[in-house]
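Here is a briefing on one model. It covers the ligand site, the sheets and some backbone details.

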Amino acid sequence: MIDLRSDTITKPTPKMLVAMTSAEVGDDVFAEDATVNAFEQKMANLFGMEAGLFVPSGTMSNQLAVKVLTQPGDEILIDKTGHIFNYETGATAFLSGVQIHPLDGVHGKLTPELLVAKKRGQFDWEPSTKVICLENSTNKGGGACYTKQELRALKTFADEQGLLIHMDGARIWNAMTATDTEPDFFGTIADSISICFSKGLGAPIGSMLLSNSENIRRARRFRKMWGGGMRQVGLLAAAADFAVEHHWPLLAEDHRRAALFADVVSKCSQLSINRESVKTNIVIFDVVAGDAVPALDKLEQASIKMVQFGPKTIRATFHFQISENEFTQLLETMNELFN
Ligand SMILES: *Cc1c(COP(=O)(O)O)cnc(C)c1O
């Protein structure tokens, strides 16, 4: 089976397992896991932030960010395709008492122009806008990334308006690869960043919230309250560290394949794609005649799995555990089935 449903389906490699089992561990609720402590500081330094907090999922790190950056009754601004708005079970309302204001961005990206006059809170009857949430790269937005220039403009805007920036960097590794941006640049833009090790980097579990020391100190309490305080979790931090060191460089190949795949899709008469929108490892395309479900069934019969992303829309996501042979077979099958 060629499984392109998500870049989260990868399994730990033998070398990663060795790194995990040889990790020095301690009780991280007591802040005594040396591997976790070192890895949190290493990631904070890498991204130009003061501190980090290792957490089980990207959802938890996003929600911790919202929790520490807002008060109940506040509002956050996000593109309508954003993960926090679509795929976190309404958690901002439940955990932080915060309302989401979804905006109509392009490929999941926001611009200062879209945010003008969106800040509210001057009157008692308005929600108080606090945070701009940026996804980089975008997921439902099709893997688009922000350029440095775009981020600088957003940061200037946020400062002028007195708004904070949270970056959902579940795939920030892909964004850095695609835009050739150094990690510490993001520390000059965002007040908090959520990074994931369990997407294309291929760690089995793990994300991290990065921010200033005070925010991380507060997030640590909420992590415990929400049941995310873990014990000898250096095992997982070692896997995540291994993934950063050894799998980050592999993302460029995922991007190359996604582009080749998108080229093939663009030539399939039964499919349509905005070829320009493919920038990283995510390819979103439409079925022209008919719906996504029968197309996905045909693919599954040919041992290929993708996911439905709308009535006529399909997403394929590339990751390093697709072999060269499987990739060739994928391109041939697409031609056979959809041309
Ligand atoms: C996957 C993802 C997350 C976090 O997902 P978890 O499954 O909770 O780790 C957050 N944001 C984006 C954009 C994602 O793609």
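Helices (H or I, at least four residues) and strands (E, at least two) are DSSP runs, numbered from the N terminus. This is a predicted model: local features need pLDDT of at least 70, side-chain atom pairs count only at pLDDT 80 or more, and totals for chains, interfaces and linings use all residues. Residues are numbered from 1 along each chain as its sequence is written, and side-chain values use heavy atoms, with hydrogens and water left out.

**Ligand site**

- The shell around the ligand consists of Ser-57, Gly-58, Thr-59, Asn-62, His-83, Glu-135, Asn-139, Asp-168, Ala-170, Arg-171 and Lys-199.
- By class, the shell holds 1 nonpolar, 6 polar and 4 charged residues. Ala, Val, Leu, Ile, Met, Phe, Trp, Tyr, Cys and Pro count as nonpolar, Asp, Glu, Lys and Arg as charged, and the others, Gly among them, as polar.
- Helix α3 (residues 58–69) supplies the largest share of the shell, 3 residues.
- Polar contacts are pairs of N or O atoms within 3.5 Å; within protein, one must be able to donate a hydrogen and the other to accept it, and residues adjacent in sequence count only if both atoms are side-chain atoms.
- Gly-58 places a backbone N or O atom 2.8 Å from an oxygen atom of the ligand.
- Thr-59 has a polar side-chain atom 2.5 Å from a ligand oxygen atom.
- For Asn-139, a polar side-chain atom lies 3.1 Å from an oxygen atom of the ligand.
- The ligand taken alone exposes 390 Å², and the protein buries 84% of that. Accessible areas come from the Shrake-Rupley method with a 1.4 Å probe; for residues, only the protein chains shown count as cover.

**Parallel strands around β6**

- Two strands pair if DSSP finds at least two bridges between them.
- Strand β5 (residues 128–135) pairs with β6 in the parallel sense over 5 bridges. Val-131 stands opposite Leu-164 in β6.
- β6 also runs parallel to strand β7 (residues 192–196), joined by 4 bridges. Here His-166 faces Ser-192 in β7.
- Of the 6 residues in strand β6 (residues 164–169), 5 are buried. Buried means under 20% relative accessible area, exposed over 50%, and partly exposed in between (1.4 Å probe, protein chains only).
- A right-handed β-α-β unit is made by β5, helix α7 (residues 148–161) and β6. Right-handed means that, with the strands pointing away from the viewer, the path from the first strand over the helix to the second runs clockwise.

**Antiparallel sheet**

- An open sheet of 4 strands runs in the order β9-β10-β13-β12, with antiparallel pairing.
- β9 (271–272) and β12 (307–308) are the edge strands; each has a single partner, so one side of each lacks a neighbour in the sheet.
- β12 and strand β13 (residues 313–317) run antiparallel, joined by 2 bridges.
- Val-307 sits in β12 and stands opposite Arg-315 in β13. At 22% relative accessibility, Val-307 is partly exposed.

**Backbone details**

- The peptide bond between Asn-136 and Ser-137 is cis, with omega about -5 degrees. Ser-137 lies in the loop between β5 and α7.
- Ala-31 is not a glycine, yet its phi is positive, about 60 degrees. Its place is the loop between α1 (14–21) and α2 (34–46), and at 37% relative accessibility Ala-31 is partly exposed.
- Asp-180 also has a positive phi, near 55 degrees. Asp-180 falls in the loop between α8 (172–179) and α9 (184–187). It counts as exposed, at 68% relative accessibility.

Note on methods
Near = heavy atom within 4 Å.
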